[in-house]
Amino acid sequence: MDSSSSSLSSVNIDDMDDLLDINLIIHIKSLISLLKQTFCSECNHLWDGSPSIKTRNGLYMHVEFICSNCGCITHLYSSPQVQDGRRQEINARLELGATLCGLGYNGIIKLLGALNLPPSTHNGNICQEQSMIAAVEEAIAETDGARELTLSGDGAWLTRGHTSVHGVSAMYSTTKHPKILDTTWSSKKCSSGGMEKEMVHEMFCRSLAKYNTTYVSYVGD
Ligand SMILES: [Zn+2]
């Protein structure tokens, strides 16, 4: 599909990057009516067709728009991936926002429902305390009752502007089916590397009080 040239061309490139680094909630019918004002890049007819949702994961969608004249498919990936490449930024942001607001899975479902956003099909990385306690006990059972666990970790780092970093970090069990044992978040002006170390340290320090467990080793990425 043709896209018309931007009228923001006089804006400095860095500012432009920041201006465009935002999300937009858009009704899918508005998107279709926008597409109907463009020409199909294959057959050059005014576009007319239908969308088909190929992937839906949390708030992320991969939608195909199929030209009914020539069958040409245009792809929309609704969110970029976070730097670790394993999930979409919008879902990392949902997780961060839910943690900041103290929303559990049910709270998130209500919020998304009120906004007419398609409900998450699963709770992804957003775990409630109960399921994390169960995951700790499961890991202990798998190591024959030893309360010293080996863990691995994962994190997402989101920048706002050029200096401020928001991060979420999670600790996983290293069992056959790894599960999240603990999560934490941080928001400050520093490097993501420094922030990750701090958050891992915080979760190691509270393991005894929280789960009566000691983490003996950490397998990083
Ligand atoms: Zn076409």
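The largest nonpolar core has 17 residues, and Ala135, Val136, Met171 and Leu181 are those that touch the most other members. A nonpolar core here is a set of buried Ala, Val, Leu, Ile, Met, Phe, Trp, Tyr and Cys residues joined through C-beta atoms within 7 Å. Two or more residues of this core come from each of helix H5 (129-142), strand E4 (148-160), strand E5 (164-173) and helix H6 (192-205). Helices (H or I, at least four residues) and strands (E, at least two) are DSSP runs, numbered from the N terminus. Leaving aside residues up to four places away in sequence, Val136 touches Leu181, Tyr211 and Thr213; contact requires C-beta atoms, placed from the backbone, within 7 Å.

This is a predicted model, in which local features need pLDDT of at least 70 and side-chain atom pairs count only at pLDDT 80 or more, while totals for chains, interfaces and linings use all residues. Residues are numbered from 1 along each chain as its sequence is written. The pLDDT is the predictor's confidence in each residue, from 0 to 100. Its mean over the protein chain is 80, and 83% of the residues reach 70 or more. Residues 1-6 stay under 50, with ten contacts beyond four places in sequence. Residues 122-127 are also below 50, and that stretch has 13 contacts beyond near neighbours in sequence.

Another part of the model is an open sheet of three strands in the order E1-E2-E3, with antiparallel pairing. Strand E1 (49-57) and strand E3 each have a single partner strand and stand at the edges, so one side of each lacks a neighbour in the sheet. Strands count as paired if DSSP finds at least two bridges between them. E1 and E2 are joined by eight bridges, and E2 and E3 (residues 73-77) by five. Glu64 of E2 is the bridge partner of Ser52, and its bridge partner in E3 is His75. E2 and E3 form a hairpin with five residues between them, where Gly71 in the turn has a positive phi of about 85 degrees.

Phe65 lies in strand E2 (residues 60-67). Phe65 counts as partly exposed because it has 19 C-beta neighbours inside 10 Å; a residue is buried with 20 or more other C-beta atoms within 10 Å of its own, exposed with 12 or fewer, and partly exposed in between. Beyond residues up to four places away in sequence, Phe65 touches Leu35, Gly49, Pro51, Thr74 and Leu76. Phe65 and His75 are ten residues apart in sequence, with 6.4 Å between their C-alpha atoms.

Note on methods
Two residues are in contact if their C-beta atoms, placed from the backbone, lie within 7 Å.
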